[in-house]
Amino acid sequence: MVKNVVIVGSGAMGGGIAQISLMAQYNITLVDICDEFISRGIKNIKFGLEKLELKKKLKDITASQLLSSIKSSTRLSEAVKNADLMLEAVTEDLAIKKEVFRIAGENAPSHCIFASNTSSMSIHELGMASQRSEKVCGIHFFNPAPLMRLVEVIKAENTSIDTCQIAINWAKSLPCLRGKRYVPLVLKDSPGFIANRIQAPVSIAISWALDYAVDHNIPIEHVDNDLFVPVVPMSPLVLLDFVGLDISYSTSKYFESKLHPDFKPGKLISEKIEKGELGMKTGKGLYQWKGKIPPEIDRSKKADLLNLDLVLAIQANEGCRLLEEGVVKDWSTIDKTMRAGFNSLGPMTILADGNTDKWMDLLEQFSDKSGKEYLRPCEMMKSGKYMGLQFS
Ligand SMILES: NC(=O)c1ccc[n+]([C@@H]2O[C@H](COP(=O)([O-])OP(=O)(O)OC[C@H]3O[C@@H](n4cnc5c(N)ncnc54)[C@H](O)[C@@H]3O)[C@@H](O)[C@H]2O)c1
């Protein structure tokens with residue numbers, strides 16, 4: 001049973017995960033490389049807990065009582081001596097992460113399981129570094145962890161089912177401020193796991209549409225309007241600027257290296273990166289920003305290059321690929337994941353309407369026009385076998 005949890009890395013993710021673990025009354029030790037970073041992490045956790053206390057969302061306990069039980073350390077080798085679970089949330093750098101897993105492997109008790117919160121590194125390689133790869137899995141939280149319902153647990157090549165089950169039980173026990181946690185098991189250590197993978201190929205279409213718009217003197221806000229949904233707080237291009245074009249650029253490069261050359265970032269985004277126009281944080285990206293205030297956009301005209309049906313078809317096709325590759329158990333896991341992660345309908349549901357030809361035609365037509373071969377319907381979509389599939 002998990003009681004003592006060591007969280008390594010006290011940044012945005014480690015801090016959020018430590019906060020909810022404290023709320024679930026686990027014994028937490030927070031580890032970072034220096035006292036200054038730990039103090040910053042604990043200050044953020046304190047801020048989060050006090051906000052909840054003010055809103056009366058802490059049950060029968062105060063923020064200071066919870067905070068009094070957190071321990072901290074700059075020495076991982078000492079911190080893991082009594083651990084049942086070590087969760088790594090350090091900087092996204094394979095060498096740094098491997099060293100964390102090596103030290104933990106040498107010093108933690110043999111029953112202790114290890115998990116990484118990485119979005120892109122190989123869980124298998126981290127497992128090998130720890131010398132206990134059967135006890136190593138991914139536990140992928142979304143930011144901010146206290147608010148985001150979705151947590152993906154990833155089974156790597158050597159991970160035992162027992163390890164996955166412990167990880168799933170632990171993740172499910174953590175409170176979420178926006179409803180019940182959803183914790184799907186990802187059956188393979190595969191790029192983007194489920195949620196980020198389903199979203200990824202949409203960027204191929206957006207990047208192509210942006211370059212097409214520039215080449216044909218179409219204002220880019222018209223492309224933005226193609227996918228604008230009034231109930232969503234930010235349209236896709238505003239969101240790209242908000243998050244940072246450098247983030248979407250490096251994500252596309254990552255998928256380009258792991259999945260297909262069509263993920264290569266387009267001309268416009270690449271030029272923006274070269275010029276240092278990264279979005280909100282630099283004052284200019286696809287749009288001009290005044291601080292954190294989103295740009296005013298005239299929503300009256302569309303470019304008619306993209307549409308929401310196309311986005312759903314691209315996502316459903318990627319869902320079929322996940323089934324083809326055996327990354328998920330069944331199609332409904334994909335939809336539940338997308339609902340928990342992005343409040344979206346779930347792309348696989350659309351295939352259940354029996355009108356698969358319509359979705360495949362959309363993909364074929366878009367591929368013909370854009371030259372993006374990756375977006376053509378995959379074999380699983382064409383076969384129609386996706387609905388009946390069940391992997392264990
Ligand atoms: N930020 C996100 O939106 C997000 C979402 C999901 C997953 N992730 C993943 O979570 C992990 C952490 O991301 P983050 O955004 O919290 O990063 P961050 O930069 O905010 O925090 C990383 C922390 O790790 C510490 N650190 C670095 N080396 C260390 C070491 N050897 N020992 C102990 N601590 C060390 C740093 O000092 C820093 O405090 C990454 O793997 C990232 O890919 C991030």
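This is a predicted model: local features need pLDDT of at least 70, side-chain atom pairs count only at pLDDT 80 or more; totals for chains, interfaces and linings use all residues.
Let's start in β8, where Leu-185 is the bridge partner of Val-153. Two bridges join β7 to β8, and these strands run parallel; two strands count as paired if DSSP finds at least two bridges between them.

Residues are numbered from 1 along each chain as its sequence is written.

Now, the other neighbour of our strand. β6 and β7 pair in the antiparallel sense over four bridges, and His-140 has Glu-152 in β7 as its bridge partner. As a reminder, strands of a sheet pair through backbone hydrogen bonds, either parallel or antiparallel.

Which way do the side chains of β7 point? Val-151 and Val-153 go one way, Glu-152 and Ile-154 go the other way, and all are buried. Buried here means 20 or more other C-beta atoms within 10 Å of the residue's own, exposed means 12 or fewer, and partly exposed lies in between, with C-beta atoms placed from the backbone.

Let's step out to the sheet. Eight strands form an open sheet with mixed pairing, in the order β3-β2-β1-β4-β5-β6-β7-β8. β3 (71-73) and β8 (185-186) stand at the edges with a single partner strand each, so one side of each has no neighbour in the sheet. Helix α6 (residues 123-130) packs on the sheet, touching β5 (113-116), β6 (136-141) and β7 (151-154), and its direction makes about 135° with that of β6. That angle runs from 0 to 180 degrees between N-to-C directions, using axes fitted to C-alpha atoms, for helices over the stretch in contact.

Elsewhere in the sheet, β1 (residues 4-8) and β4 (residues 85-88) pair in the parallel sense over four bridges. There, Val-6 has Met-86 in β4 as its bridge partner.

Met-86 brings us to the core. Which residues touch the most other members of the largest nonpolar core? Of its 111 residues, they are Ile-7, Met-86, Cys-137, Val-153, Ala-167 and Ala-205. Such a core is a set of buried Ala, Val, Leu, Ile, Met, Phe, Trp, Tyr and Cys residues joined through C-beta atoms within 7 Å. Helix α14 (residues 308-324) gives the most to this core, with nine residues. Leaving out residues up to four places away in sequence, Ala-167 touches Ile-113, Ala-115, Cys-137, Ile-139 and Val-153; contact means C-beta atoms, placed from the backbone, within 7 Å.

Leu-177 is partly exposed, with 15 other C-beta atoms within 10 Å. Beyond its neighbours within four places in sequence, Leu-177 contacts Pro-146 and Leu-147. Leu-177 and Leu-147 are 30 residues apart in sequence, with 5.1 Å from C-alpha to C-alpha.

Finally, the whole chain. It has 18 helices and eight strands, and of its 392 residues 46% count as buried. The domain assignment, automatic or from a database, gives domain 1 (4-189), domain 2 (197-282) and domain 3 (308-387). The centres of domain 1 and domain 2, taken over C-alpha atoms, are 31 Å apart.

Conventions. Two residues are in contact if their C-beta atoms, placed from the backbone, lie within 7 Å.
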